[in-house]
Amino acid sequence: MDPFDSAASSGSSSGSSSSTVTKPQDIDGLLAGAGYKVRSSDLQHVAQRLERLESAMFNSSSEISQLASDAVHYNPSDIASWVDSILSEFNETASLPSDLSDFPDLFTVSNQTPGNVSWIDPCVAAQHQNLAQNQLTVVTAMEEDSGIKLVHMLVTCADSIHRGDFPLAGSLFVEMQSLLSGINTDCGIGKVAGHFIDALTRRVFTPHDPTTTSTGYENELLYHHYYEACPYLKFAHFTANQAILEAFDGHDCVHVIDFNLMHGLQWPALIQALALRPGGPPLLRLTGIGPPSPDGRDSLREIGLRLAELARSVNVRFAFRGVAAARLEDVKPWMLQVSPKETVAVNSVMQLHRLLGNNNQFSSPLEMVLGWIRSLKPKIMTVVEQEADHNQTGFLERFTEALFYYSTMFDSLEACCKMPEKAFAEMYLQREICNVVSCEGSARVERHEPLIKWRSRLHQAGFRALHLGSNAFKQASMLLTLFSAEGFSVEENEGCLTLGWHSRPLLAASAWQAAPPPDANHPFGETV
């Protein structure tokens, strides 16, 4: 078991009872989150014993089969006792005899080549197979121990950077890289730790490295592969589309404003659904916002032409307008050309969190954008955001939250992805990690916040929540059947929907509407 697996799911099991009575304050909090009971005062002692165990395993290969007994557990709860028991068994094992001629029944002399010794007993072959399996079991346990060390060293390194102790951080980089060399970095804890080590290194040595940012084309490419690789973006699109479709019911002229058009992946499904609407489809206007093309092409128009061709094929009247803007806060309401006769839907998939930086004493980009959205009087605003808290001012808290959030994300990718989509999807997440950890100020745009904070922000901005109906829940649940991996789950949360992996919510979808202003005669909202 990956140490991160237990850490990511600790929230769902924290309420369970335990037969071991230990004062909570005596147990190391970080390892407790990963499912291990280690007293803080014993950390150094346990580390020394783990080093002894590693040395014994690597230097005494003949005795490994004895170490890998049934007493070896992949995720021992009391790691201190476990290491003691293994060391005890190691001390008691006897070395395999060096003179194998004492066991003549295990060998035979070949008739064709006198004196040539070869294996013939099937039992002996089975013993060798068991030996190899036992060796693998021990190596797996050792990798897990190294993984636990890496988690602790990562947090210690982040803390040293937070405190400005860069010499300590530099020495920890060397130790972590050395430890990483003995771990499988193709999956699990090794891969996640490698990304976070890289992000910490960038923060210390190249905080303004331009490679921490990417072009619009690169983002679109990675976004597309991320969409194909796992259910997160599909969940966002399907859920938002269902809510928009229900909001448009009975309206003949509708206008969708998409804050992040990308390849227009979200809209073919909505166009086809509108085509099948009883009574005929409405006139659909789509305004897509996206970054300017670096090569001078009008990529937004190209996407619009493809969507127009699809709409024509299913007899949906369609109009498209592209708005090129490097930042969402650069968009002004007049650019959208909204008509009073239109029923408007605003769609934001993982975009609002990018407005949480650049605050000043007068206003913030988020307040400004929410203000003009409210002025459009949309019938619905769909919002999908990461269910994470990566906008904390304290670097250590932000780092720790990101470490466990992205470990869960990578775990889910391992379960449902195939190459080459998996590699690109991992790059998509790696860039998020780099921005969360390496950047500060206006350069840090991945400022994810959980649903509870978005509820508060949107209520304060004059929006009221709409309930995502049962159809949206059914759509999201059916979507998961497209992925063979078990572990994904859709949950309802006070009218909102969350998509999670092994009970940890990772993405949250919600719907909103501009609340009516208070009565002019009762500015504080009182009713008679």
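Me: Buried means under 20% relative accessible area, exposed over 50% and partly exposed in between (1.4 Å probe, protein chains only). Is Glu329 buried or exposed, and what is its relative accessible area?

Reply: This is a predicted model, in which local features need pLDDT of at least 70 and side-chain atom pairs count only at pLDDT 80 or more, while totals for chains, interfaces and linings use all residues. Residues are numbered from 1 along each chain as its sequence is written, and side-chain values use heavy atoms, with hydrogens and water left out. The side chain of Glu329 meets that of Arg327 in a salt bridge (a side-chain nitrogen of Lys or Arg within 4 Å of a carboxyl oxygen of Asp or Glu). Arg327 is partly exposed at 42% relative accessibility, whereas Glu329 counts as buried, with a relative accessible area of 10%.

Me: Within what arc do the buried residues of H8 fall, seen down its axis?

Reply: Helix H8 covers residues 166–180, and among its buried residues are Ala169, Phe173 and Leu180. These buried residues line one face of the helix, because, seen down its axis, they fall within an arc of 135°.

Me: Which exposed residues does the face of H8 turned away from its buried side carry?

Reply: The buried side of H8 includes Leu172 and Met176. The face turned away from that side carries the exposed residues Pro167 and Val174.

Conventions:
Helices (H or I, at least four residues) and strands (E, at least two) are DSSP runs, numbered from the N terminus. The expected span of a helix is 1.5 Å times one less than its number of residues. The arc is that of the directions from the helix axis to the C-beta atoms.
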